[in-house]
Amino acid sequence: ASASSALTIAGNFTNNGSFVHNNGSITFDSSTTTIISSSASMSFYNFLVTTAGKIISFLYHTANVPVFTFTNTLTVTGTSDSPVKLQSTQAGSQWLVSFATSQSNITYAYIKDGGCFSGTMQVVFNTTILNGGNNDSCWSIVISGGGSATGSGSAESDSGGGIPIGGGGAGGGDPPAGGGGG
């Protein structure tokens, strides 16, 4: 793609070589599940998912490869009844993310198996980001019943600070009905 081009993808995205983002935007716009895989770590500049209920499955990492880096913005916009789901291609195995800048364009998203590469910036706290479990601290997710997701703990040193998102108990489980399933 030329400098600052926009690309829209309705299917899967596979990088078997060297992908150069050229400061452009990639939008994943279909309602079907998209698998994003790469034989090496790679970077996206602007990455957009705004189809409610969309599922994006990132290839899980082995020995820190691949790392999916977002150098500008990760925009994820679902709805309260149908969040966008970001997950690993293998349940229980983390996919790795690195944010070059703090991320604040994520609303009504369900994150599962989201690992954070060393030194990554954070997602700005937002109560519409739901914890599917096995996420690292860069996601700034509050687990159901208060407290922090895995990682460094809440500002209240795991005192239960935060806003409950649901009926209490441990985090995890499936997203709300209509959220793309599990």
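Reader: Which backbone nitrogen does the side chain of T128 reach, and at what distance?

Author: The backbone nitrogen of Y108, at 2.9 Å. Keep in mind that this is a predicted model.

Reader: Noted. Where does T128 lie?

Author: In the loop between β12 and β13.

Reader: Buried or exposed there?

Author: T128 counts as buried, because its relative accessibility is 15% and the cut-off for buried is under 20%.

Reader: Which side chain makes a polar contact with the side chain of T128?

Author: That of N126. The two side chains are joined by a polar contact of 2.7 Å.

Reader: What else does T128 touch, leaving out residues up to four places away in sequence?

Author: I106, T107, Y108 and A109. Y108 is the residue whose backbone nitrogen the T128 side chain reaches.

Reader: And G78? How far apart are the C-alpha atoms of T128 and G78?

Author: They are separated by 9.4 Å. Along the chain, T128 and G78 are 50 residues apart.

Reader: Let's turn to the sheets. What is the strand order in the open sheet?

Author: β2-β4-β6-β8-β11-β13. That is 6 strands, with parallel pairing.

Reader: Which are the edge strands?

Author: β2, residues 13–15, and β13, residues 129–131. Each of them pairs on one side only.

Reader: By how much are neighbouring strands turned against each other?

Author: By 15° on average, with direction ignored.

Reader: How many bridges are there between β11 and β13?

Author: 3 bridges, in the parallel sense. Strand β11 covers residues 109–111. Within that pairing, Y110 has L130 of β13 as its bridge partner.

Reader: Now β7. Which strands does it pair with?

Author: Strand β5 is one of them, joined to β7 by 7 bridges. Strand β9 has 4 bridges to β7, and strand β10 has 2. Each of these pairings is parallel.

Reader: Which residues does each strand span?

Author: β5 runs over residues 42–49 and β7 over 67–77. β9 is residues 95–99. β10 is residues 106–107.

Reader: Which residue in β7 is the bridge partner of S43?

Author: T69. T69 also stands opposite S98 in β9.

Reader: What about F47 and T77? Which are their bridge partners?

Author: F47 has L74 in β7 as its partner. T77 is partnered by T107 in β10.

Reader: Which strand pairs with β5 over 3 bridges?

Author: Strand β3, residues 25–28, in the parallel sense. There, S25 has N46 of β5 as its bridge partner.

Reader: Core next. How many residues are in the largest nonpolar core?

Author: 29 residues. F47 and W139 have the most contacts inside this core.

Reader: Which elements give two or more residues to that core?

Author: β3, β5, β6, β7, β8, β9 and β11. Strand β6 is residues 55–58.

Reader: Back to F47. What does F47 touch, not counting residues up to four places away in sequence?

Author: I26, F28, I36, I56, F58, F70, T73, L74 and T75. L74 is also its bridge partner in β7.

Reader: And Q87: where is Q87 found, and is it buried or exposed?

Author: Q87 is found in strand β8, residues 84–88. It is buried, with a relative accessible area of 15%.

Reader: Which side chain does Q87 make a polar contact with?

Author: The side chain of S57, at 2.8 Å. Among the other residues Q87 touches are I55, I56, F58, W95 and K112.

Reader: Last topic. How many disulfides does a search of the whole structure find?

Author: 1 disulfide. It joins C116 to C138, with an S to S distance of 1.9 Å.

Reader: Left-handed or right-handed?

Author: Left-handed, because the torsion about the S-S bond is about -80°.

Reader: Which parts of the chain does the pair tie together?

Author: C116 lies in strand β12, residues 114–116, and C138 in the segment after β13, so the parts tied together are 22 residues apart in sequence.

Reader: Are the two cysteines buried or exposed?

Author: C116 is buried, at 17% relative accessible area. C138 is buried too, at 2%.

How values were computed:
Residues numbered from 1 in each chain as written. Predicted model: local features only at pLDDT ≥ 70, side-chain atom pairs only at ≥ 80, totals over all residues. Heavy atoms only, no water. Pairing = 2+ DSSP bridges. Axes fitted to C-alpha atoms, helices over the stretch in contact; angles between N-to-C directions. Buried < 20%, exposed > 50% of the residue type's maximum accessible area, 1.4 Å probe, protein only. Polar contact = N/O pair within 3.5 Å; in protein donor to acceptor, adjacent residues only side chain to side chain. Contact = heavy atoms within 4.5 Å. Disulfide = S-S within 2.5 Å. Core = buried A, V, L, I, M, F, W, Y, C linked by side-chain atoms within 4.5 Å.
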